[in-house]
Structures are given as C-alpha cells and as structure tokens.
Amino acid sequence: MTTTDSEPATVAPPAARSIRTFHPRRGRLTDRQRAALEQLWPAYGLVVPDDGRTAVEPAELFGRRAPLVLEIGSGMGDATAAIAAADPDRDYLAVEVHTPGIANLLDLVRRHGLGNVRVARGDALDLVRALPAGSLDAVHVFFPDPWPKARHHKRRLIQPAHVALLRSRLAPGGTLHCATDWAEYAAAMRQTLDADPGLVNAHDGYAPRPAHRPVTKFERRALTAGREIFDLVHRRR
C-alpha cells in the first residue's frame with residue numbers, strides 16, 4: 001500500500017478484514033483499577049471505531065491542538081504515563097486491548113494528573129485508519145508481540161502494508177520508533193522500515209537506546225534473560 005502527501009484526511013478503509021496482530025488476554029481488575037475504569041473512562045477513554053467510516057479527530061479528543069503521539073500496545077501503561085508526564089506539550093493516545101492495562105493506565109492518569117493522555121480500546125490498525133493523514137508527530141511501537149513461529153509472522157504489526165499505513169498518518173518529519181528484544185524480529189523490522197520509500201532511518205542501523213524511553217518490567221525481564229534490546233527510529237520524509 002502506497003500513500004502520498006496529497007491523501008485526503010479521511011478514514012482509510014481496509015481492503016479486507018485484516019488478520020489480528022494481537023492476542024486478547026484476560027485478566028482480573030483490582031478494586032483501584034475497576035474504580036479508575038468506571039470513573040475516568042467517560043472522559044479519557046475511546047472505543048476504537050471499526051466501521052471504516054467514523055473518523056477520530058485528535059483536537060476534539062484532547063480539547064486542544066498539540067503534537068500527537070500514538071502509543072501502540074501500551075500494556076499496563078507505566079511507560080506511557082512516564083513519557084507523557086515528562087512531555088506535557090505533546091498529547092499521547094495509547095491503544096490497548098487488555099482491560100487491566102487500560103484500567104491501570106487510567107489510574108496512573110488520575111494519580112499523576114495527566115491531562116495529555118487518552119486511552120483507546122481496540123485494534124490499533126483500525127484506530128490508525130480512523131485518524132487523519134499526517135496527524136501524528138510520532139508512533140511508538142514498544143515490544144510488540146514478536147509472533148516467533150514462522151506460521152504466525154503474518155500477524156506481526158511491523159510489515160510493509162502496516163508500515164505504509166502508519167507512515168501515512170505521520171506528519172513530514174514525524175518519527176516511527178520501534179523497540180523489541182527479539183533479534184530475528186528486529187532484523188525483519190529493520191529490513192521492512194528501511195525498504196519503505198517514505199521513511200528514512202534516523203541512525204546508521206539500530207538506534208542508541210533513547211533516554212526518554214522508560215525501562216519497563218517486560219524489558220527488565222528480557223535483559224535478565226540475556227536478550228539484547230533493539231531500537232529503530234525512522235522519520236517520514
């Protein structure tokens with residue numbers, strides 16, 4: 001899929017119902033998470049539209065116009081909350097399918113007074129399609145499911161058609177920042193991102209670990225297991 005700067009800011013329908021890039025997980029809510037979900041969802045939550053027609057307008061969602069960062073797969077929300085707290089001049093839209101993670105991020109939003117965070121529930125690709133072209137200052141894809149079995153590689157988020165869609169929603173100069181602890185997936189990511197004609201690698205190969213990306217529990221677990229962490233930062237031309 002190829003997009004151009006002349007693409008109108010309308011919803012881009014998928015060619016067909018796409019294969020899911022995530023595996024829904026079940027989990028129990030703590031009392032605090034349940035309270036956060038009940039109390040904050042009306043003001044800070046968004047159900048991702050999947051009808052191919054409904055647009056998501058960031059200015060309406062946040063009540064202001066500011067550079068927007070999309071966090072795909074925010075997990076329990078600790079990294080998103082930390083990054084957003086340190087970067088109040090940009091807005092952060094986190095998308096997740098795991099209800100306890102959504103609820104935990106909402107609790108962090110309340111505890112830290114994060115007015116620049118909104119939380120979406122649903123398929124990240126459906127959300128990207130609903131956003132206006134060129135509306136994102138950055139996209140963060142931190143530790144997506146590596147789908148390590150060869151027969152599941154088609155479910156990986158970072159593949160050519162998905163990258164083209166993500167890139168179309170980036171403003172010129174906007175960044176797509178990926179991180180993984182799976183060496184094989186890192187190599188595949190790099191090949192895919194380098195091959196996209198609308199992106200340029202911001203570094204000579206893998207990026208140095210950015211200081212602004214917090215170390216999550218998941219990342220610590222990977223490091224303890226002896227796995228290397230790979231960051232990739234590409235900019236839209």
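Please keep in mind that the model is predicted.

**Side chains of β2**
- Leu68, Leu70 and Ile72 point one way from β2.
- Val69 and Glu71 point the other way, and they too are buried, Glu71 included.
- In a regular strand, side chains alternate between the two faces of the sheet.

**Pairing with β3**
- Strand β3 (residues 91-96) runs parallel to β2, and 5 bridges join the two.
- Within this pairing, Val95 of β3 sits opposite Ile72.
- To get from β2 to β3, the chain passes through helix α3 (residues 78-85), making a right-handed β-α-β crossover.

**Pairing with β5**
- β2 also pairs with strand β5 (residues 136-142), again in the parallel sense, over 4 bridges.
- Here Val69 has Ala138 of β5 as its bridge partner.

**Asp107 in helix α4**
- Asp107 belongs to helix α4, which spans residues 99-112.
- Which residues does Asp107 touch, not counting those up to four places away in sequence? They are Arg32 and Ala36.

Notes:
Residues are numbered from 1 along each chain as its sequence is written. This is a predicted model: local features need pLDDT of at least 70, side-chain atom pairs count only at pLDDT 80 or more; totals for chains, interfaces and linings use all residues. Side-chain values use heavy atoms; hydrogens and water are left out. Contact means heavy atoms within 4.5 Å. Buried means under 20% relative accessible area, exposed over 50%, partly exposed in between (1.4 Å probe, protein chains only). Two strands pair if DSSP finds at least two bridges between them. A crossover is right-handed if, with the strands pointing away from the viewer, the path from the first strand over the helix to the second runs clockwise.
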